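Subject: The structure, and what turned up in it

Hi there,

Here is the structure I promised to pass on.

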Amino acid sequence: GPEVVEPFQIAISVPKRRVHRAVRRNRIKRKIREAYRLNKHRWNGKFTEPTAAMLVYLDGNERPQDELERKICYLFERFLEEQGKREK
């Protein structure tokens with residue numbers, strides 16, 4: 001697979017089937033990237049090995065920035081909990 005340099009990498013997908021207009025799809029991706037960027041310090045030291053994740057936006061509606069941030073934080077906390085359980 002591709003070389004992972006960062007301890008954690010994220011790919012974002014907003015399916016055309018859910019959000020038809022490219023302008024809206026791109027805006028949603030921008031908002032998600034920003035939500036990730038503002039909060040990544042919370043998880044940066046917590047990944048024991050290089051990890052890549054694919055985030056697929058399945059909501060047909062656009063959400064406010066603060067809501068996206070909350071949901072992304074929740075998602076990563078859950079993801080890290082699962083990682084912790086798997087390593088034991």
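Along the sequence, the protein chain runs in the pattern β-α-β-α, and its secondary structure comes to two helices and two strands. Helices (H or I, at least four residues) and strands (E, at least two) are DSSP runs, numbered from the N terminus. This is a predicted model, in which local features need pLDDT of at least 70 and side-chain atom pairs count only at pLDDT 80 or more, while totals for chains, interfaces and linings use all residues. Residues are numbered from 1 along each chain as its sequence is written, and side-chain values use heavy atoms, with hydrogens and water left out.

First, the overall picture. The C-alpha atoms fill a box of roughly 45 × 30 × 20 Å, taken along the principal axes. Of the 88 residues in the protein chain, 26% count as buried (buried is under 20% relative accessible area, exposed over 50%, partly exposed in between, with a 1.4 Å probe and protein chains only). Among contacts (heavy atoms within 4.5 Å) with a separation of 6 or more, 82% are between residues 24 or more positions apart.

Next, the core. A nonpolar core here is a set of buried Ala, Val, Leu, Ile, Met, Phe, Trp, Tyr and Cys residues joined through side-chain atoms within 4.5 Å. The largest one has 17 residues, and Ile28, Ile32, Trp43, Tyr57, Ile72 and Phe76 touch the most other members. Strand S1 (8-13), helix H1 (22-39) and helix H2 (65-87) each supply at least two of its residues, with H2 giving the largest share, five. Beyond its neighbours within four places in sequence, Ile28 is in contact with Val14, Val19, Tyr57 and Glu62.

Now the pocket. The search used a 1 Å grid over the protein atoms alone: a pocket is an open set of points where a 1.4 Å probe fits, with protein on both sides within 12 Å along at least five of seven lines, and lining residues have an atom within 4 Å of a point. The largest pocket has a volume of about 210 Å³, the volume being the space filled by probe spheres set on the points, which are joined across faces, edges and corners. Its lining includes Ile32, Tyr57 and Ile72, along with Asp59, Arg63 and Lys71. Strand S2 (51-56) and H2 each supply at least two lining residues, and H2 gives the most, with four. By class, the lining has eight nonpolar, no polar and three charged residues; Ala, Val, Leu, Ile, Met, Phe, Trp, Tyr, Cys and Pro count as nonpolar, Asp, Glu, Lys and Arg as charged, and the others, Gly among them, as polar.

- Lys29 is in helix H1 and is partly exposed, with a relative accessible area of 23%. Apart from neighbours within four places in sequence, Lys29 is in contact with Ile12 and Val14.
- Glu67 sits in helix H2 and counts as buried because its relative accessible area is 17%. The side chains of Glu67 and Lys71 are joined by a polar contact of 2.9 Å (a pair of N or O atoms within 3.5 Å; within protein, one must be able to donate a hydrogen and the other to accept it, and residues adjacent in sequence count only if both atoms are side-chain atoms).
- His41 lies in the loop between H1 and S2 and is exposed, at 58% relative accessibility. The His41 side chain reaches the backbone oxygen of Leu38 at 3.3 Å.

Best wishes
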